[in-house]
Amino acid sequence: MAVAREAVAAYYRSQHGVALAADDLVLTSGTSEAYSFLFRLLCNAGDEVLIPAPGYPLFDFLADICDVKLVRFSLVYDHGWQIDFAALEAAATERTRAVIVVHPNNPTGHYVSSAQQQQLARFCRERGMALIADEVFLDFPLTENSAGSFVGATTALTFTLSGLSKICGMPQMKLAWLAVSGPEAEKREALARLEVIADAYLSVGTPVQWGTGALLAMRGAFQEQVRQRVRSNLCELDKQLAGRNVAARLACDGGWTAVLRVPAMQSDEALAIALLKEKSVLVHPGHFYDFARPGHLVVSLIVPEAEFAQGIARVLTHVND
Ligand SMILES: Cc1ncc(COP(=O)(O)O)c(C=O)c1O
């Protein structure tokens, strides 16, 4: 419905200062569904899509369902995470149809800098690949090192994904979108084909479309609460880590998670299970997110402050023992 797409365009105008035509938006029931639409749009069975490692674990399932082969390109960590363009180049083949970036990435929390956004767009343009930018955590910066949205990028055919799930903290509402930008002719063709896919399912409910404007208008209070909680938990984490050399936190600039570097005395899985069984603390083992080496735990920064402080204290006692 135009009314919902207009509301999304107004969100980009007011929150990110970017102009986006409502006609360049396709609504979906979730970002996950948006990925399925894009895999169907861009790939034949067996075609490849590049994804960052470490990265978001759901991609494997979404790609499998659409018969798409995922190929990972490693991110590098050097005082912060970045795309390694040599690794990206090495991962691309003649069957590669798209590159996915998560901006900021889950779980590393790094944004794609504006210089890397341009480099990435040129990389895709030169090879006839599409660029898919997942921006579900874009509104949650933690430092000065955030970067702007990919919406409106015109060098390569670009699909920017987000939705109410994270922007408003309302995953149950089931409303997300993809914004299409790029060279005009490619953009037009992609939108026409996406319309066929979206019309085949008609998966977005009418009530939520009528309510999109009102729901987006409520985001301010939620986002402020999350930002405060995440920043305060990160401060607490740093306070507890200060002076200990047994564990450290990796740099992160946005999002809802932090990555802990811990001694790799056992697999991350065994450590996560021990923390759950012996300390009643739930963390994610790094291998869920394809860290290249063991010794990483991913912790959520959106749990209430008192619980977070207790949980981290128990984790640090455990790895110290
Ligand atoms: C990076 C990323 N993309 C997409 C999603 C899924 O969002 P949605 O609820 O819109 O399907 C998540 C959920 O955690 C996520 O972390």
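The model is predicted, so local features need pLDDT of at least 70 and side-chain atom pairs count only at pLDDT 80 or more, while totals for chains, interfaces and linings use all residues. Residues are numbered from 1 along each chain as its sequence is written, and side-chain values use heavy atoms, with hydrogens and water left out.

**Ligand surroundings**

- Around the ligand are Gly30, Thr31, Ser32, Tyr56, Val102, Asn106, Asp134, Val136, Phe137, Ser165 and Lys166, where a residue is near if one of its heavy atoms lies within 4 Å.
- By class, this shell has four nonpolar, five polar and two charged residues.
- Helix 2 (31–42) and helix 6 (164–167) each supply at least two residues of the shell, helices being DSSP runs (H or I) of at least four residues, numbered from the N terminus.

**Polar contacts and burial**

- A polar side-chain atom of Thr31 lies 2.6 Å from a ligand oxygen atom, and Ser165 places a polar side-chain atom 3.0 Å from an oxygen atom of the ligand; a polar contact is a pair of N or O atoms within 3.5 Å.
- Lys166 likewise has a polar side-chain atom 3.0 Å from a ligand oxygen atom.
- Taken alone the ligand exposes 400 Å², of which the protein buries 86%, with areas from the Shrake-Rupley method and a 1.4 Å probe.

**Aromatic pairs**

- The whole structure contains 13 aromatic pairs, meaning rings of Phe, Tyr and Trp (its six-membered ring) with centres within 6.5 Å; planes under 30 degrees apart count as stacked, over 60 as edge-to-face and the rest as tilted.
- The rings of Tyr35 and Phe59 have centres 5.0 Å apart and planes at 80°, so the pair is edge-to-face.
- Because Tyr35 lies in helix 2 and Phe59 in helix 3 (residues 59–65), the pair ties together parts that are 24 residues apart in sequence.

Definitions and conventions: A polar contact is a pair of N or O atoms within 3.5 Å; within protein, one must be able to donate a hydrogen and the other to accept it, and residues adjacent in sequence count only if both atoms are side-chain atoms. Ala, Val, Leu, Ile, Met, Phe, Trp, Tyr, Cys and Pro count as nonpolar, Asp, Glu, Lys and Arg as charged, and the others, Gly among them, as polar.
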